[in-house]
Amino acid sequence: MSVVTVQLGQCGNQIGYEVFDTMCRDLHNTQGFCSKRENEIYQASCKEHFFNEDKSEVPVARALLIDMEPKVISQTLLKAAHSGRWKYGQHSHFCQRQGSGNNWAYGYSVHGPKHEESIMNLIQREVEEYDSLSGFSIIMSMAGGTGSGLGAFLTQNLRDAYPNSFIMNQVIWPYGTGEVIVQNYNSVLTLSHLYRSSDALLVHENDVVHKICAKLMNIKQISFRDVNQVIAHQLGSVFQPTYSSEDSFQYRRNPLGIDWQVRPPLSGLPALEKVSPNKELRFNTSIANLLILRGKDVHSADTGGFKDPALYTSWLQPSDAFCEWRTHRAFNKYEKSAALVSNSQFLLKPLDTIVGKAWNMFASKAYVHQYTKFGIEEEDFLDSFTVLEQIVASYCNL
Amino acid sequence: MAQSVVVQVGQCGNQIGCCFWDLALREHASVNKKGIYDDALKNFFRNVDTRGTGISKGRICSLKARAVLIDMEEGVVNEILQGPLKDVFDSKQLITNVSGSGNNWAVGYKVFGSQYRDQIVEKLRQTAEHCDCLQCFFLIHSMGGGTGSGLGTFILNVLEDEFPEVYRFVTSVFPSGEDDVITSPYNSVLAMKELNEHADCVLPIENESLFDIVSKINQMINSGKPGTTVKQQSLVTLNEGGIKKKLDEKPFDKMNNIVANLLLNLTSSSRFEGSLNMDLNEISMNLVPFPQLHYLVSSLTPLYTLADVNIPPRRLDQMFSDAFSKDYQLIQADPKHSLYLACALLVRGNVQISDIRRNIERLKSSLHFVSWNQEGWKTSLCSVPPVGHSHSLLALANNTCVKPTFMELKNRFLRLYKKKAHLHHYLQVDRMEDSCFTEAVSSLSSLIEKYNELDVTKGLPIHEQVRLNIVI
């Protein structure tokens with residue numbers, strides 16, 4: 001089953017490149033800490049999901065590069081081609097001459113409708129190449145104009161055109177200070193719209209990744225490339241082939257096939273009693289956790305701690321909320337690695353902060369004229385704020 | 001890739017414009033070693049063959065500036081056409097006259113405006129037609145005289161009428177207090193009304209500030225201290241202005257080069273690649289929170305690089321600190337002690353995001369930002385440094401520190417207007433009435449009032465707005 005990656009805007013394209021590069025490196029790794037046969041199966045599975053083979057035998061990424069100005073796409077295509085290890089398809093990109101000016105309204109209301117047909121055709125041509133479609137992975141930032149505005153528009157369109165496909169958005173959360181001044185408006189508008197069409201939003205916070213670079217990796221002068229490579233590593237460790245928990249003899253067909261359904265609390269039943277040895281520790285309450293273990297000794301790892309009821313909301317049994325995949329082929333030369341995908345309150349504070357800042361700015365009406373100029377009215381802002389406050393409240397009440 | 005067109009009006013506008021074209025060519029020459037007409041060049045230049053037809057790709061044949069040169073006197077434009085840049089300009093892109101505007105805004109606007117409107121529209125259309133995606137007009141002019149001020153702002157109106165979708169960035173040189181043109185306050189205030197109403201973004205420049213910067217550099221060069229030899233190429237006042245060299249170099253050439261550098265740095269991130277691009281439309285989006293408050297104070301650092309490789313380069317952080325110092329601003333203003341509405345940092349060269357973040361963290365505690373934009377920073381990273389430097393920073397601030405400049409202007413205006421001094425020169429111009437004056441000063445007053453309203457909020461405790469109450 002194939003995953004179609006849609007890289008949107010400068011951020012989406014820069015990160016998308018790193019993701020494919022990471023997966024390709026990992027793919028060609030002979031240091032899998034497993035048997036040769038095992039490695040071959042892993043490689044075949046990865047290729048099936050993310051790459052096409054063409055005549056030249058250089059893997060072609062199953063990706064579409066979309067941007068409203070040409071510089072980044074040119075750079076990205078070149079870098080991939082120069083690597084020699086993989087490349088993008090010749091006709092897999094769409095770009096225009098003038099960007100979205102960091103304006104969500106411009107990305108959503110102007111670029112969206114104007115280029116809808118061309119972009120959807122491009123996507124359809126790509127999808128038709130595959131026997132079966134696992135779903136879409138859309139990489140975009142929230143702070144700018146194209147990734148955010150056009151991203152929201154496109155996700156809606158994809159949902160309409162492919163109602164049964166899985167749509168996952170890789171959403172890049174901007175630095176708290178110093179990227180784009182209207183980033184909070186753009187973020188609020190993006191998230192509220194994505195919530196209506198996307199199946200899952202996988203969030204990557206620049207501030208958090210920056211700290212990883214600084215404190216864990218000891219990088220002195222951190223560049224966007226460093227940040228993007230960490231994000232790519234994280235994504236790669238989730239998307240690369242894994243054994244399903246049901247069937248430990250073959251790789252799961254659908255890399256995105258996590259059961260993302262959140263079961264709502266059954267009304268009328270008393271809250272399940274929580275017995276936990278860790279009563280003093282306060283965790284962000286989760287409604288779902290997915291643990292992906294790769295490498296040596298993976299089957300003997302003790303993951304009991306993840307089943308602690310203290311981690312989960314009172315209306316969920318840990319066995320329903322926790323899932324683990326163990327694969328003994330190592331990822332990216334790390335002898336042992338673990339990745340955690342979590343649906344929990346961890347995002348509550350960052351989300352609340354962004355909504356708060358956006359609301360403060362909205363109260364003064366600053367910059368609103370830039371949006372109303374392109375058809376996003378104050379009403380639309382209020383709708384978006386309402387959606388997000390509901391989400392904040394829902395998570396708060398876990 | 002989008003294109004920009006420079007419209008240079010009047011003596012000042014054309015002199016600065018000329019410096020700009022010279023520097024732009026120099027910059028592209030140092031980056032574009034293979035002589036291919038690339039997207040970066042395409043922004044400001046056309047590529048034409050010997051017959052004058054445009055060539056869209058391939059080797060550079062002959063570069064033509066996307067510019068329209070307008071002056072009601074011939075002197076400056078003629079000098080340009082006889083100088084080293086004569087082949088860069090298309091003779092069809094010029095509009096000149098002989099009589100000049102007599103330092104009279106009304107003559108520039110009302111008389112020459114209506115006389116030349118059709119020609120102006122035609123030249124602009126031609127230049128626009130050579131672009132496959134025209135994004136921005138850069139208008140360069142001075143405020144104190146007659147042509148740049150009057151005809152320049154008339155053209156601003158024309159740009160809005162004929163090309164409403166294209167951004168209008170205006171670089172305006174404001175007169176100093178000791179300006180030798182007595183009526184410069186009238187001209188400036190009359191022009192300001194037009195800037196208020198028809199410009200997307202204005203970068204005000206004051207000659208005094210440019211002069212101070214030039215003096216500072218000269219001091220540095222002539223100090224004779226060991227290790228202070230400056231890399232000539234790196235001077236922000238690099239003086240080979242593209243105009244036929246005169247024996248006595250006026251400081252104006254050096255001053256104009258600073259403004260030319262400003263324009264180059266402003267557009268660097270849309271021309272060249274980088275890890276965080278910033279296009280011109282993002283400047284307006286991020287720095288103009290309300291339509292009338294579109295005046296941006298600019299500062300450029302570093303002003304020069306030392307030639308001696310054994311002296312360690314001034315720390316990167318010093319560059320950021322300097323950008324906020326009042327000595328580096330291009331108008332007489334002190335942004336540190338006024339209120340920021342928004343601030344953009346356009347960084348070029350070997351600088352990474354962590355350097356920018358570290359400096360923002362470091363500096364923000366000493367700066368005052370308006371309550372609803374406490375983190376009002378916009379950043380861009382362009383990989384290509386300017387010629388002669390390893391890195392540079394252009395800071396653009398939407399800050400209430402412009403208010404004193406405008407108040408001074410208003411006061412000088414009123415001093416003249418109350419005595420009705422020289423008013424007859426204006427009122428005798430057809431369709432020029434007293435109401436033009438009263439409306440202009442009223443427009444300026446209301447602008448100043450807006451800045452006042454913001455200033456009073458400075459230092460007040462910030463109240464978080466009450467959030468929406470949601471019932472689940």
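A: V6(B) stands opposite F138(B), a residue of β6(B). The two strands involved are β1 (residues 3-9) and β6 (residues 134-142) of chain B, which pair in the parallel sense over 6 bridges. Pairing requires at least two DSSP bridges between two strands. Strands are DSSP runs of E, at least two residues long, and helices are runs of H or I of at least four residues, both numbered from the N terminus.

This is a predicted model: local features need pLDDT of at least 70, side-chain atom pairs count only at pLDDT 80 or more, and totals for chains, interfaces and linings use all residues. Residues are numbered from 1 along each chain as its sequence is written, chains are lettered from A and ligands numbered from 1 in the order written, and side-chain values use heavy atoms, without hydrogens and water.

The open sheet has 6 strands in the order β5-β4-β1-β6-β7-β8 (chain B), with parallel pairing. β5 (94-96) and β8 (201-206) of chain B stand at the edges; each has a single partner strand, so one side of each lacks a neighbour in the sheet. The twist averages 15° from one strand to the next. Helix α4 (residues 105-129) of chain B packs on the sheet and touches β1, β4 (67-71), β5 and β6 of chain B. Contact means heavy atoms within 4.5 Å. The direction of α4(B) makes about 160° with that of β5(B). Axes are lines fitted to C-alpha atoms, for helices over the stretch in contact, and angles run from 0 to 180 degrees between N-to-C directions.

Chain A also has an open sheet of 6 strands, ordered β6-β4-β1-β7-β8-β9 (chain A), with parallel pairing. Its edges are β6 (93-95) and β9 (200-205) of chain A, each with a single partner strand, so one side of each has no neighbour in the sheet. Strand β1 (residues 2-8) of chain A runs parallel to β4 (residues 63-67) of chain A, joined by 4 bridges. V6(A) has L64(A) as its bridge partner in β4(A).

Now the interface. 51 residues of chain A are in contact with 54 residues of chain B. The rule finds 5 salt bridges across it. A salt bridge is a side-chain nitrogen of Lys or Arg within 4 Å of a carboxyl oxygen of Asp or Glu. One salt bridge joins D352(A) to R467(B), the closest N and O atoms being 2.7 Å apart.
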